[in-house]
Amino acid sequence: MPLTASTDYKNALTSTIKEEWIFELRNNTYTDGSVNTQYIRVGTALVGSGATQYHSLITSSPSIRESIDLVESTSKVGNISITCVNGQLSNHSNATLAAEIYGGTRKYINRDVVVKSRVGGQENTIYTGRLKSVRLENQDTLTDETIRALIRMEKGPKEHLDNVANQIKENTP
């Protein structure tokens, strides 16, 4: 039986859809997010304005490592790795990303990270995890400093992956 698509779906395929990834790296002072120094916000594009904006510092396309074992009906969610330029953070007195993570008084390693997808102005939380490590690269050239962050996933669409694996298992003779 051939697949058919609705008119709205066909029209969406012809339009340009841009997805932005936005990350909120929470620090050891985080309580409810009401104070803008309780987090660092970075994204693949500038989102918002003022001290609560997501800074357009991510230079790589984030990807989520995940796997489904159909035989065992299990799933695993791995991690996300992002690369950022060492830009200024407006909510931290214009300190650079490296200065805030490495030299600031707040701690970010092993703290919560919320990852959201933003399409057409609508945000959806897709993962929550912890910041596992941060590495500074290209230290010789200050203007080309790059920061790599590895985010270990602890919560997220694992339940969805488990459901998919179970559905496949149920439909397999």
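Serine 93 is located in the loop that links S6 to strand S7 (95-96). In this predicted model, Serine 93 has a positive phi of about 50°, although it is not a glycine. The residue counts as exposed because its relative accessibility is 74%, and the cut-off for that class is over 50%. A positive phi also occurs at asparagine 110, again a residue other than glycine, with a value near 65°. Asparagine 110 belongs to the loop between H2 and S8 and, at 42% relative accessibility, counts as partly exposed.

A further loop residue, asparagine 86, lies between S5 and strand S6 (88-89). Asparagine 86 has a relative accessible area of 18% and is therefore buried, the limit for this class being under 20%. Its side chain makes polar contacts with backbone nitrogens. One of these is the backbone nitrogen of leucine 97, which the side chain of asparagine 86 reaches at 3.2 Å. The backbone nitrogen of alanine 98 lies 2.7 Å from a polar atom of the side chain of asparagine 86.

The overall architecture comprises three helices and 10 strands. Along the sequence these elements are arranged in the pattern α-β-β-β-β-β-β-β-α-β-β-β-α. Of the 173 residues of the protein, 34% count as buried. The protein exposes about 10,600 Å², of which carbon and sulfur atoms supply 48%. Among contacts with a separation of 6 or more, 52% are made by residues 24 or more positions apart.

Strand S2 is largely enclosed by the rest of the structure, because five of its five residues are buried. Burial extends to both faces of S2: Tyr39, Arg41 and Gly43 lie on one side, whereas Ile40 and Val42 lie on the other. In a regular strand the side chains alternate between the two faces of the sheet. S2 pairs with S1 in the antiparallel sense over five bridges, and phenylalanine 23 has valine 42 as its bridge partner in S2. S2 also runs parallel to strand S3 (residues 55-56), to which two bridges join it. Here the bridge partner of valine 42 is histidine 55.

The contacts of valine 42 extend beyond these bridge partners. With residues up to four places away in sequence not counted, valine 42 touches Trp21, Ile22, Phe23, Leu25, Tyr54, His55, Leu57, Ile58 and Ile82. Valine 42 is also one of the residues that touch the most other members of the largest nonpolar core, together with Phe23, Leu25 and Ile40. This core contains 19 residues. Two or more of its residues come from each of strand S1 (19-26), strand S2 (39-43), strand S5 (74-85), helix H2 (97-103), strand S8 (112-119) and strand S9 (122-137). In soluble globular proteins, nonpolar side chains tend to be buried together.

The aromatic rings of the model form one pair. The partners are tryptophan 21 and phenylalanine 23, whose ring centres are 6.4 Å apart; their planes meet at 20°, so the arrangement is classed as stacked. For this class the planes must be under 30 degrees apart. Tryptophan 21 counts as buried at 13% relative accessibility, and phenylalanine 23 is buried with a relative accessible area of 0%.

Technical notes: Residues are numbered from 1 along each chain as its sequence is written. This is a predicted model: local features need pLDDT of at least 70, side-chain atom pairs count only at pLDDT 80 or more; totals for chains, interfaces and linings use all residues. Side-chain values use heavy atoms; hydrogens and water are left out. A nonpolar core is a set of buried Ala, Val, Leu, Ile, Met, Phe, Trp, Tyr and Cys residues joined through side-chain atoms within 4.5 Å. Buried means under 20% relative accessible area, exposed over 50%, partly exposed in between (1.4 Å probe, protein chains only). Helices (H or I, at least four residues) and strands (E, at least two) are DSSP runs, numbered from the N terminus. Contact means heavy atoms within 4.5 Å. Accessible areas come from the Shrake-Rupley method with a 1.4 Å probe; for residues, only the protein chains shown count as cover. A polar contact is a pair of N or O atoms within 3.5 Å; within protein, one must be able to donate a hydrogen and the other to accept it, and residues adjacent in sequence count only if both atoms are side-chain atoms. Two strands pair if DSSP finds at least two bridges between them. Rings of Phe, Tyr and Trp (its six-membered ring) pair if their centres lie within 6.5 Å; planes under 30 degrees apart count as stacked, over 60 as edge-to-face and the rest as tilted.
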